[in-house]
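Dear colleague,

I am passing on to you the structure we spoke about, and I would be grateful if you could look through it with the notes below beside you.

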Amino acid sequence: MKKIVILLLLFVVPIVSAQQAKKIIVEYSEFFNVDQDEVPDAVLLYGNVRVSHDGVLMYCNKAYWFQKENYIKAFGDVRMIQGDTITLTSTYAEYNGENKQAYASGNVIMTSPSSTLRSEVVNFDRNSQQAFYRTGGTINDKENVLVSQAGTYIVERKMYQFRNAVTITNPKYVIKTNHLDYYENVGHAYLFGPSTITSDENFIYTEKGFYDTKRNFSHFVKNSYIKYNNRLIEGDSLYYDRNREFASATRNVKVTDSINKSVVKGHYGEVYRLKDSLMMTHRAVAMTLVENDTLYIHGKKLIVTGKPEDRVVRAFPNVRFYKTDMSGKCDSLHSSEKVGITKLIGRPVMWNYDNQMTGDVMHLISNKETEKLDSLKVLNNTFIASKDTIGTGYNQVKGQNLFGKFRDNKLYEVDVVKNTEVIYYMRNDEQELIGINKSACSSINMILDGNQIETITFFTQVDGDIYPETELPENARKLRGFIWRGDERIQSKDDIFPEEENVYDLKMKKETEEEKKKEDTPLEVRKETLEVDDKKKSS
């Protein structure tokens with residue numbers, strides 16, 4: 001034993017002098033030997049070997065130390081420690097003191113302050129402070145388990161770059177992608193390329209995005225969507241908060257409801273899954289399939305709430321709607337799926353074919369089983385009017401309230417009650433004007449065929465006459481309060497949008513096209529991702 005100690009002491013002197021040249025230093029070994037037959041040009045170290053090099057300590061059971069090459073091979077229970085940043089354990093390792101390159105293989109475990117990597121082979125470049133693997137690896141931190149075929153760990157950033165078959169498993173979701181950058185300190189994940197996030201609540205797809213795995217919120221910006229059981233949310237930019245089950249989308253937003261056969265579009269939308277609510281604005285439009293036709297509803301703001309069987313749609317202000325056989329305007333709209341009533345509130349006007357109807361409030365009532373329009377109520381200051389088929393006059397019916405019935409979405413019977421007045425242009429089969437009927441009574445019943453009144457029946461206290469055209473002055477051919485609003489009529493689905501919203505829509509589409517022209521690169525790293533270490537140092 002004394003001989004061993006003496007040899008060690010003799011050996012320490014040149015090692016210390018070489019330290020300035022950053023040579024590998026053997027700090028301790030229970031036994032060493034030189035055997036040119038077994039390992040030429042190497043010193044064999046055995047038993048609790050400890051060596052160091054420029055801030056790195058290495059422990060092992062056995063080592064081959066090549067002094068001239070400044071190189072060491074370590075065997076058995078190998079540990080390589082770099083301060084408080086990296087610890088590598090393995091069954092075998094190599095370290096080059098000249099270029100500061102380390103290689104570890106066999107049950108490799110690399111630990112950093114916030115995570116643990118397990119792989120078969122890990123290379124560590126101390127110059128760039130990067131560790132990488134290509135043989136598959138598993139990383140564990142407090143929240144997640146990350147698996148990938150290849151990866152790089154950048155010590156300074158405390159960041160993993162994962163490539164090929166990447167999976168993050170969290171108790172609440174699973175992320176799969178082929179390109180992911182993960183900052184372990186903050187749990188921030190940056191996705192690039194086709195990626196999915198699957199959970200019990202929803203399924204998310206994106207080709208570029210950010211996910212905060214600790215605080216459970218995310219941001220996606222390319223070909224992204226969120227799919228619930230019955231809703232699909234799409235948009236150029238999607239924000240999602242898993243804690244609140246809240247999603248918002250910006251630019252070219254589309255929310256599809258598969259159960260209610262409806263689509264809501266706009267340039268900004270919000271969805272609360274737990275509240276079953278949707279809000280859409282910025283050229284918002286709700287499109288609902290009605291039989292073989294589509295009903296389009298626009299309002300500056302659209303709100304949809306309630307379970308699928310109890311949906312409530314609200315739109316306000318400046319509401320406009322269109323269907324091939326019906327269109328209208330009002331200040332606000334309230335539609336209930338459960339009771340089948342759509343209320344038009346605030347100076348409403350509706351056109352069914354060429355018939356114009358106005359009043360203080362309108363109710364459209366649907367048959368919940370057939371989903372067809374069943375009836376109509378117009379309450380207070382009711383007017384129904386249409387242009388005379390040939391002349392310049394207007395057929396008009398005025399009363400307190402109006403009750404109409406639909407057949408195949410066409411208004412075919414109308415009852416106008418209380419303080420009823422009529423002006424009607426009567427024509428024969430050759431469409432020659434017979435006279436102008438101007439009457440007043442308690443109530444009126446009309447049977448319609450599209451734009452034509454087939455029959456009109458007056459009830460109780462009828463007072464009026466049929467006037468030749470020359471005997472009824474122009475100023476007497478309009479009932480008090482009548483306003484023809486034909487210039488406001490919605491003629492197509494594009495007419496439901498005000499001009500300023502069309503301008504905004506063009507601006508958004510232009511921005512989308514400009515984005516598509518840009519080079520496709522990963523998301524820029526967020527400020528809060530990079531500031532974490534600085535904040536910790538300051539505190």
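This is a predicted model: local features need pLDDT of at least 70, side-chain atom pairs count only at pLDDT 80 or more; totals for chains, interfaces and linings use all residues.

Residues are numbered from 1 along each chain as its sequence is written, and side-chain values use heavy atoms, with hydrogens and water left out.

**The chain as a whole**

The secondary structure comes to three helices and 40 strands, where helices (H or I, at least four residues) and strands (E, at least two) are DSSP runs numbered from the N terminus. The radius of gyration is 40 Å, well over the 24 Å that the globule rule gives for 539 residues, so the chain is more spread out than a compact globule; the radius is taken over C-alpha atoms, and the rule is 2.2 Å times the number of residues to the power 0.38. Along its principal axes, the C-alpha trace spans about 140 × 45 × 40 Å.

Of the 539 residues, 48% are buried, a term that stands for under 20% relative accessible area, with exposed meaning over 50% and partly exposed in between (1.4 Å probe, protein chains only). The chain exposes about 27,100 Å², of which carbon and sulfur atoms supply 50%; the areas come from the Shrake-Rupley method with a 1.4 Å probe, and for residues only the protein chains shown count as cover. Among the contacts (heavy atoms within 4.5 Å) with a separation of 6 or more, 40% are between residues 24 or more positions apart.

**Two runs of paired strands**

Strands count as paired if DSSP finds at least two bridges between them. Strand β3 (residues 43-53) pairs with strand β4 (residues 56-66) in the antiparallel sense over nine bridges, and R50 has Y59 of β4 as its bridge partner. These two strands form a hairpin with two residues between them, and D54 in the turn has a positive phi of about 50 degrees. On to β5 (residues 71-82), β4 again pairs in the antiparallel sense over nine bridges, with Q82 of β5 as the bridge partner of V56. The hairpin of β4 and β5 has four residues between its strands, and in its turn N70 has a positive phi of about 55 degrees.

Further along, strand β37 (residues 410-427) and strand β38 (residues 433-449) run antiparallel and are joined by 13 bridges, with D415 opposite N445 in β38. Five residues lie between the two strands of this hairpin, and Q431 in the turn has a positive phi of about 65 degrees. Strand β38 also pairs in the antiparallel sense with β39 (residues 452-459) over seven bridges, I444 having F458 as its partner in β39, and five bridges join β38 to β40 (residues 463-467), again antiparallel, where D465 is the bridge partner of K438.

**Helix α2**

Helix α2 (residues 499-517) has 19 residues and reaches 28 Å from its first C-alpha to its last, close to the 27 Å expected at 1.5 Å a residue, the expected span being 1.5 Å times one less than the number of residues. In α2, E501, N502, D505, M508 and T512 are buried. They cover an arc of only 120 degrees around the axis, which puts them on the same side of α2; the arc is that of the directions from the helix axis to the C-beta atoms. The buried residues of α2 pack against β21 (246-257), β22 (262-272) and β25 (293-298), whereas E499, E500, L506, K510 and K517, on the other side, are exposed.

**Two single residues**

Q101 has its place in strand β7 (residues 101-111) and is partly exposed, with a relative accessible area of 30%. Leaving aside neighbours within four places in sequence, Q101 is in contact with E94, Y95, N96, F124, D125 and N127. The C-alpha atoms of Q101 and W484, which are 383 residues apart along the chain, are separated by 86 Å.

H363, in strand β34 (residues 361-366), counts as buried at 16% relative accessibility. Beyond its neighbours within four places in sequence, the contacts of H363 include I341, T342, K343 and S375.
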